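Here are some notes to read alongside the structure. Have a look at it first, then work through the points in order.

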Amino acid sequence: MTDTSLEPAAAPSPVVAEEATPRQPGAPMIVFEDVTKIYEPNIKALDRVSLTIDKGEFVFLVGPSGSGKSTMMRLLLKELEPTSGRIIVGGRELARLKRSKVPMLRRNLGCVFQDFKLLPNRTAYENVAYALKVQGESKRGIRTKVPEVLGLVGLSSKMSHMPDELSGGEQQRVSIARAFVNHPPLLICDEPTGNLDPDTSVGIMQLLYRINRTGTTVLMATHDREMVDKMRRRVIALEEGVVVRDERRGGYG
Amino acid sequence: MRTKLFVTEALRSIQSNLSTAIAATLTVVIGMFLLGLFIALGTWVLSYTNDVKRQLIVNVYFCTETSCGVGKNEANQRQMEAVRQQLVAMPEVKDVKFISREEALEIMRERSPALVENIVSNPLPASYQVIPHRGEDVSAIAAQLEPPPVGVEKVNYGEKEAGRVLQVAKVVGAIFVVGSAILIVASVLLIANTIRLSIFARRREVEVMKLVGATNWFVRGPFMLEGLMTGLVGSLVAVVLLLIAKEVALPAVIQRTDLTNDEVRALAFPLIALIMIGTSLLVGAIGSGITLRRFLKI
């Protein structure tokens, strides 16, 4: 751990300063402040993690299985509560968010998973439309936005296919389309290329890159060494629940 | 707007899980048919035992010239009136009917003409038929006329038979109450469990819905509506089956028995149907709502 190089942006003092004015442009998208998560009885998934991710960043979260990547994702979705510490997403402290407001949080937070998590009995179109329906989008809005975003991910010709009629890469595109259809400020991806072959993965990465270019912050947990080395983006490495490395233009390590 | 969305979502879910939906509906049909059958049968039996109990009366026989022994006379008007007053004052007594000696003879003549053919004088006493509010009270009424007031020869309420009738009625009543309780609980559990299983099979779907930002009610609505539809369709089929049983099977059975007493009847069919439909709707909606609670905690 001697080679750990924390950048100033992740140090505690600027975090506190920025947090006082959370809604200003350039304010951080995600702030973790001394976050510890212990799964009962005594499994420490995250140990005093502090980090800041700014708006518009593209961040890789790397580390071996069990290092706490998925726990971070689930904390961001408020699927779990931290044992101690503060998590601030888009200027809102998650602990202060009422349970009834959690759906609102998730509508502003696209998420993509390794296993796609598509609804099995719905077509690609309906899967994307569902994310709009849950927030009361009008029929007209659905009719224009869904084909648009499916076109963006390159699935215009397969809108009426069921998930099991699509390849893995295509299913992941549907799930990215679903995550992006609201144009959320933050997209979190939990090993989105974990089930895909290298060529397909490149396509998915290009898609995420394009989404990032529209201004969406992308946080992506991954095991894909090649991809991380090629992209040269910010890399945060976790090991046994501790941030061991945080580099602006890092490699997998 | 939202209701329409829920309906289409519920219909879609039934359509895409058709075999589960049919299985759940059949469970409702069976459960509700049994429930309806038991209610009909049970209320009929209760009504029958009540009818039997209604036939339990206390007879108060007055002295004739000879019946009360030497030195005692036929009971006079004053004595009879005194007994009547005493009876009417009892809270258990519903009605007191006077049967004169002539009427008694008339009744006897109708029942068994051979016995009264050759008699020269009327040997039968005048009597009161005391009708209690509840069949169980006959012994209490009789006990209050002990020892017999002046002019009363004897008080009779068919002790042995009454005891047996009351005991049978009690047992039948208990069986009905326990049986229907068991049946209601069993059918409710059966239906709730079927719904539970069908939701359990789709818990990943619920998880996904929650992750894309659906509120609990948005997830719950279609599921509960589906439970309602299952309950409605299932109980309607059960009602139709029960109606067929009532119209076709029942007359065939009744013809072979002498159960043609108009006083004895089951709970009215529309009421039974209403209970069946109500129960299944409640179980369908609440069952799915409660089951979902566990999966919604994401």
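1. How many aromatic pairs does the structure hold over all chains? There are seven, where a pair means rings of Phe, Tyr or Trp (its six-membered ring) with centres within 6.5 Å, called stacked if the planes are under 30 degrees apart, edge-to-face if over 60 and tilted for the rest. Before going further, note that this is a predicted model, in which local features need pLDDT of at least 70, side-chain atom pairs count only at pLDDT 80 or more, and totals for chains, interfaces and linings use all residues. Residues are numbered from 1 along each chain as its sequence is written, chains are lettered from A and ligands numbered from 1 in the order in which they are written, and side-chain values use heavy atoms, with hydrogens and water left out.

2. Start with B:Phe38 and B:Phe176. Their ring centres are 5.9 Å apart and the planes sit at 10°, so this pair is stacked. B:Phe38 belongs to helix α2 of chain B and B:Phe176 to helix α7 of chain B, so the pair ties together parts that are 138 residues apart in sequence. (Helices are DSSP runs of H or I with at least four residues, strands are runs of E with at least two, and both are numbered from the N terminus.) B:Phe176 is buried at 14% relative accessibility, while B:Phe38 is partly exposed at 26%; buried means under 20% relative accessible area, exposed over 50% and partly exposed in between, with a 1.4 Å probe and protein chains only.

3. Now the two helices themselves. The axes of α2 (residues 18–54) and α7 (residues 159–200) of chain B come within 9 Å and cross at roughly 170°. That makes α2(B) and α7(B) roughly antiparallel to each other. For the wording, axes are lines fitted to C-alpha atoms, for helices over the stretch in contact, with angles from 0 to 180 degrees between N-to-C directions; under 35 degrees is roughly parallel, over 145 roughly antiparallel, 65 to 115 roughly perpendicular and the rest oblique.

4. B:Val188 is another residue of helix α7 of chain B, partly exposed at 26% relative accessibility. Leaving out residues up to four places away in sequence, B:Val188 touches B:Thr279 and B:Val283; contact here means heavy atoms within 4.5 Å.

5. Back to rings: B:Phe62 and B:Tyr128 make an edge-to-face pair, 5.3 Å centre to centre with 80° between the planes. B:Phe62 is in strand β1 (residues 58–62) of chain B and B:Tyr128 in strand β3 (residues 127–132) of chain B, so the pair ties together parts 66 residues apart in sequence. Both B:Phe62 and B:Tyr128 are buried.

6. Ring pairs link A:Tyr130, B:Phe6 and B:Phe218 into a cluster. Not counting residues up to four places away in sequence, A:Tyr130 touches residues including A:Leu119, B:Glu9, B:Met209 and B:Phe218. In the largest nonpolar core, of 72 residues, A:Tyr130 is one of those that touch the most other members, among them also A:Phe60 and A:Met220. The largest share of this core, eight residues, comes from helix α10 (residues 269–295) of chain B. A nonpolar core is a set of buried Ala, Val, Leu, Ile, Met, Phe, Trp, Tyr and Cys residues joined through side-chain atoms within 4.5 Å.

7. In chain A, is helix α2 (residues 69–76) enclosed or open? Six of its eight residues are buried, so helix α2 of chain A is largely enclosed by the rest of the structure. The buried ones include A:Lys69, A:Met72 and A:Leu76.

8. Finally, some backbone points to check. Most residues other than glycine have a negative phi, and most peptide bonds are trans. A:Lys78 has a positive phi of about 55° although it is not a glycine, and A:Lys78 is buried with a relative accessible area of 3%. A:Phe116 also has a positive phi, near 65°, and is buried at 10%. The peptide bond from A:Glu40 to A:Pro41 is cis, with omega near 0°.
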